[in-house]
Structures are given as C-alpha cells and as structure tokens.
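Thanks for making time for this today.

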Amino acid sequence: MMAPRWKGKGAESKALADPMSSIVSNLHSSLLQSNSTGSLVDSTILFEANAEKTDLLNRACFGRPRITAQKVTQWFEFSLEEAFYLCCSLKCITIVDQNQCQISVKELWEHMTHKRDNFPLMCKAYCHLRSKNWVVRSGSQYGVDFVAYRHHPALVHSEYAVLVFPPEGGGRLRVWSDYHCTLRLCGSVAKTLLVLYVEENNNVAVESPWNLDNYVVEERIVTRWSPEQCREDKVVS
C-alpha cells in the first residue's frame with residue numbers, strides 16, 4: 001500500500017493537531033444544538049448554514065457549497081449518502097420536504113432507494129468509511145465509486161480508490177483484464193484499490209431495511225504484484 005502523500009510542508013502536523021474525529025464531533029454538536037434541517041429536492045438535500053456551520057462543514061468535508069447571492073448564509077448541497085449519514089447515523093439533522101414537513105426515516109429511505117437502486121450498498125459503504133474517520137468523496141473522476149482521504153483534501157491526497165460490490169460481484173471486474181486496467185489506473189494516480197463487498201446480514205431480523213446494521217461489509221485491498229520487487233535486500237544469485 002502507498003504511504004500518505006501530504007500536500008506541502010507542515011500538512012501532516014496540521015492534520016494531527018486537528019483530527020477529523022474532533023471536527024466531525026464539533027459539527028455534530030453544532031447541528032444538534034440548532035435543530036438543523038435539510039430540504040429534500042429530488043436527488044439532493046439543500047442545507048442553509050451560518051458562518052459557524054459553514055466552517056465546520058467545509059473542514060469536515062460534507063456537502064458542496066452552492067453559489068448564491070446571499071452573503072449572510074451559505075447553501076450546501078448534500079449527496080444522498082451524506083444526508084442519510086447526517087440524518088440517520090449521526091442523528092444531527094432532520095430532513096423536510098418542500099412543504100417544510102419532516103420526512104420520516106422510512107420515507108427518506110424509500111425515496112432514496114427509488115432514486116438509485118444501488119443506494120443501500122453505496123450508503124452502507126459510505127457510512128462504513130466515515131465511521132472510521134475517512135473523508136469520503138465521489139470517485140467518478142477516477143472511474144470508481146468513492147475516493148477516501150486520511151484528512152481534508154487540502155492537506156493530503158486521497159489514498160484509496162473505492163469500488164462497492166454486492167456479494168456476487170456485480171457487473172464490474174469480472175475478468176482479469178478489468179482488474180489489470182483498474183489497477184493500472186489506480187497506480188497512475190497513486191491510489192490503492194479498495195473493494196467493499198456489502199451484503200445483508202441474514203442473522204439479523206430485517207424489520208427496518210433502513211437500519212444499516214442489517215448490512216455487513218467485507219474489505220479487500222487489491223494490489224498489483226511487481227516481479228521486480230524483492231522481499232529481501234540480499235538477492236540470491
């Protein structure tokens with residue numbers, strides 16, 4: 001696996017002095033204290049933030065700022081996975097519809113799974129990585145589902161290119177040529193390929209499909225072996 005690639009002198013020290021777990025904890029407290037709400041608009045959730053929340057959301061890497069004419073507040077656009085994580089895992093925001101009526105977890109889950117068939121798998125994978133204090137962003141630029149950062153992208157490059165599969169593997173990486181192409185791409189951008197297999201836990205009574213504890217994640221790191229590498233400094237002639 002590749003070592004973290006920090007951006008500039010002092011970046012690692014800044015990250016260690018301000019761990020992501022502390023930033024997310026502060027964000028959690030701030031959102032809870034203000035009874036924060038997000039508005040569901042089709043496949044995104046819009047969130048209006050004051051200066052304090054804007055700073056925390058940017059530092060924690062949640063959402064994408066939207067450019068508006070407002071100067072006092074900042075609007076953010078959350079992905080479905082981000083919104084579900086904040087609403088149902090951290091339980092620090094509520095989601096409302098266009099009539100400002102609160103949406104239940106069941107209704108939110110049904111809406112999101114209707115918008116994207118693979119939402120349960122992607123959501124579990126996102127929450128799994130976030131719970132381990134990885135910063136998770138879209139990986140579409142690299143042809144993967146997510147990329148995972150050790151800290152804020154301003155301080156460090158992403159370390160993992162993440163693909164999310166059901167237990168049977170889905171339609172990707174079915175033949176060795178697929179693996180070879182994907183690993184070549186990951187190597188060219190200095191990332192390690194992390195494959196997450198997400199499946200329902202058959203040992204749990206599924207009364208609430210939106211309960212992410214009903215799903216289990218198996219992690220597999222895939223690397224390309226180089227025959228030039230030697231396991232010892234001394235080469236046997």
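Let me start with a term: a salt bridge here is a side-chain nitrogen of Lys or Arg within 4 Å of a carboxyl oxygen of Asp or Glu. Please keep in mind that this is a predicted model, in which local features need pLDDT of at least 70 and side-chain atom pairs count only at pLDDT 80 or more, while totals for chains, interfaces and linings use all residues. Residues are numbered from 1 along each chain as its sequence is written, and side-chain values use heavy atoms, with hydrogens and water left out.

The domain assignment, which is automatic or taken from a database, gives domain 1 (15–116) and domain 2 (117–225). Their contact (heavy atoms within 4.5 Å) takes 27 residues from domain 1 and 22 residues from domain 2. Together the two domains bury about 2,100 Å², 67% of it on carbon and sulfur atoms, where buried area is the accessible area (1.4 Å probe) lost on putting two parts together, summed over both.

How many salt bridges are counted between domain 1 and domain 2? The count is 1 salt bridge. As for salt bridges by name, the side chains of Glu 82 and Arg 137 meet in one, at 3.4 Å from N to O.
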